[in-house]
Amino acid sequence: MTDSGRVYHRSCTGPALQTVEQHAQDQDITLFASCFCPFVQRVWTALEYLEIPYKVRQSCRESYL
């Protein structure tokens, strides 16, 4: 697979960053979030919709890109 030259965010920005900041305190559930993973985005959306308390820990790594 070749590099397309696109630049991908390695951390949340905009409204997603605001959500991360709102969920910085310790909770029973910790979401290990990768900013570009569609599976994490589905879980994240469900947690928000169901208003389940959780903490976000971003885990975007250079090796993933």
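1. Let's start with D26, which is exposed, at a relative accessible area of 64%. Keep in mind as you look around that this is a predicted model.

2. What does the side chain of D26 meet? It pairs with the side chain of K55 in a salt bridge, at 2.9 Å from N to O. In general, side chains of opposite charge can pair when their charged atoms come close. K55 itself is partly exposed, with a relative accessible area of 22%.

3. Now see where the two partners sit: K55 is in strand 2, while D26 is in the loop between helix 1 and strand 1, so the pair ties together parts 29 residues apart in sequence. Searching the whole structure turns up one salt bridge.

4. Next, the inside. The largest nonpolar core has ten residues: C12, V20, L31, A33, C37, V40, W44, L47, Y54 and V56.

5. I29 is partly exposed, at a relative accessible area of 37%.

6. Last, have a look at E51, in the loop between helix 2 (38-49) and strand 2 (55-58). Its phi is near 55 degrees, a positive value in a residue other than glycine. Most residues other than glycine have a negative phi. E51 is also exposed, with a relative accessible area of 70%.

Technical notes: Residues numbered from 1 in each chain as written. Predicted model: local features only at pLDDT ≥ 70, side-chain atom pairs only at ≥ 80, totals over all residues. Heavy atoms only, no water. Helix = DSSP H or I, 4+ residues; strand = E, 2+ residues; numbered from the N terminus. Buried < 20%, exposed > 50% of the residue type's maximum accessible area, 1.4 Å probe, protein only. Core = buried A, V, L, I, M, F, W, Y, C linked by side-chain atoms within 4.5 Å. Salt bridge = Lys/Arg side-chain N within 4 Å of Asp/Glu carboxyl O.
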